[in-house]
Amino acid sequence: MNSKHQYVELNDGHFIPRLGFGTYKPQEVPNSKTIEATKIAIEAGFRHIDCAYAYEVEEEVGLAIRSKIEDGTVKREDIFCTSKLWSTFLRPELVQSCLERSLKKLHLDYVDLYLIHFPVALKPGEELYPLDENGKIICDSVDLCATWEVMEKCKDAGLAKSIGVSNFNRRQLEMILNKPGLKYKPVCNQVECHVYHNQRKLLDFCKSKDIVLVAYGALGTQRYKECVDQNSPVLLDDPVLCALAKKRKRSPALIALRYQLQRGVVVLAQSLKENEIKENIQVFDFELTEEDMKVLDGLNRNFCYVAMQFMSDHPNYPFADEY
């Protein structure tokens, strides 16, 4: 996994592996599965591990990383570990405490990348999703530019090598980029991105600002019951995608991942199954033709699996804008 073409340079001079291992899992899956899957991923060649405070598996990810360092598979500097600031910690005075909690759980001195997970602030406290007596989410009002200033301080303190955002739209990115006294630009914007929602306009905007787009849900998400409509289309069953996969003698998942790499997108692949994890790393073993890419571009329907609809009343809800 050390060959140069498998890394992308970020706007702060650090390098991010082009393929990452996603660690979000449905709540009904035991956390022990995350330890096993993360170890398998590192053994298979994944070096970029994407997690978050809100996934509630950082201890397990940390255990897996530590065990692979201890058995000599990798050194700490070989691993690119991402975590994310959750919405209940967006107030400037809470930012560093969330990062420190993540570092403690991961048993790491620093993360390679720290992201603002979602631009909507929620009421501070121990509940990930604070609800009122009617079961409605309790939001908070926070100036994201003030949050960003503390993100910059976390970078200066060496707690995070690079800092970025997730689920931000163009307007929200511009707000940070145009902030008076900006010290560091976000290095990336991690968003839902797949052949049904290819984020063409947001990708072009990010490229124009030297911001890397990182794709989650590239395989159509794992369709977790808690946040994905079970009637939504199964991306990996798409007939056009499957026909192309058959033609190229690859799985639909590999075609979907390769599509992102060839667009200059850093892509996360998520699976708890050993055979799938080992297969996903083969994305570097082949190329799609220009014609293949056009066919896949044609599948776009701006369809979002993870719309976070319950936060849609908040002025910072990112998905109301076109992009």
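## The overall picture

How many helices and strands are there in the protein chain? This is a predicted model, and its protein chain has 10 helices and 10 strands. The radius of gyration of the chain is 19 Å, close to the 20 Å that the globule rule gives for 323 residues, so the chain is as compact as a globular protein of that length.

Of the 323 residues, 55% count as buried. The accessible surface comes to about 14100 Å², and carbon and sulfur atoms own 48% of that. Take the contacts with a separation of 6 or more: residues 24 or more positions apart account for 75% of them.

Two residues here come with a label from a database. UniProt lists Tyr55 under "active site", in an unreviewed entry. You'll find Tyr55 in the loop between β4 (48-50) and α2 (58-70). Is Tyr55 buried or exposed? Its relative accessible area is 15%, and the cut-off for buried is under 20%, so Tyr55 counts as buried. Setting aside residues up to four places away in sequence, Tyr55 touches Thr23, Tyr24, Asp50, Lys84 and His117.

His117 sits in the loop between β6 (111-116) and α4 (144-156), and it is buried at 10% relative accessibility. Leaving out neighbours within four places in sequence, the contacts of His117 include Tyr55, Lys84, Trp86, Ser166 and Asn167. Lys84 turns up in the contacts of Tyr55 and in those of His117.

## Two residues with a positive phi

Asn167, one of the contacts of His117, has a positive phi of about 65 degrees although it is not a glycine. Its place is in the loop between β7 (160-166) and α5 (170-177), and Asn167 is buried, with 4% relative accessibility.

Lys249 is another non-glycine residue with a positive phi, near 55 degrees. Look for Lys249 in the loop between α7 and α8. At 73% relative accessibility, Lys249 counts as exposed.

## One face of helix α10

Which residues of helix α10 (residues 290-297) are buried? They are Asp292, Met293 and Leu296. Seen down the axis of α10, these buried residues fall within an arc of 100 degrees, so they line one face of the helix. Here's the background: an α-helix has 3.6 residues a turn, so residues three or four places apart point the same way.

What do the buried residues of α10 pack against? Their partners are α7 (239-248) and α8 (252-262). Over on the other side of α10, Glu290 and Lys294 are exposed.

## Cysteines without a bond

A disulfide is a covalent bond between the sulfur atoms of two cysteines. How many disulfides are there in this model? The count comes to zero. To be counted, a pair of cysteine sulfur atoms has to lie within 2.5 Å. For Cys51, the closest cysteine sulfur is in Cys81, 4.2 Å away, which is too far for a bond. The closest one to the sulfur of Cys206 is in Cys188, at 9.0 Å, also too far for a bond.

Cys51 is buried, with a relative accessible area of 0%. Cys206 counts as buried too, at 0% relative accessibility.

How values were computed: Residues numbered from 1 in each chain as written. Predicted model: local features only at pLDDT ≥ 70, side-chain atom pairs only at ≥ 80, totals over all residues. Heavy atoms only, no water. Buried < 20%, exposed > 50% of the residue type's maximum accessible area, 1.4 Å probe, protein only. Helix = DSSP H or I, 4+ residues; strand = E, 2+ residues; numbered from the N terminus. Arc of directions from axis to C-beta. Contact = heavy atoms within 4.5 Å. UniProt positions renumbered as here; feature names shortened; annotations may be inferred. Rg over C-alpha atoms; globule rule 2.2 N^0.38 Å. Areas by Shrake-Rupley, 256 points an atom, 1.4 Å probe, with all protein chains shown as cover.
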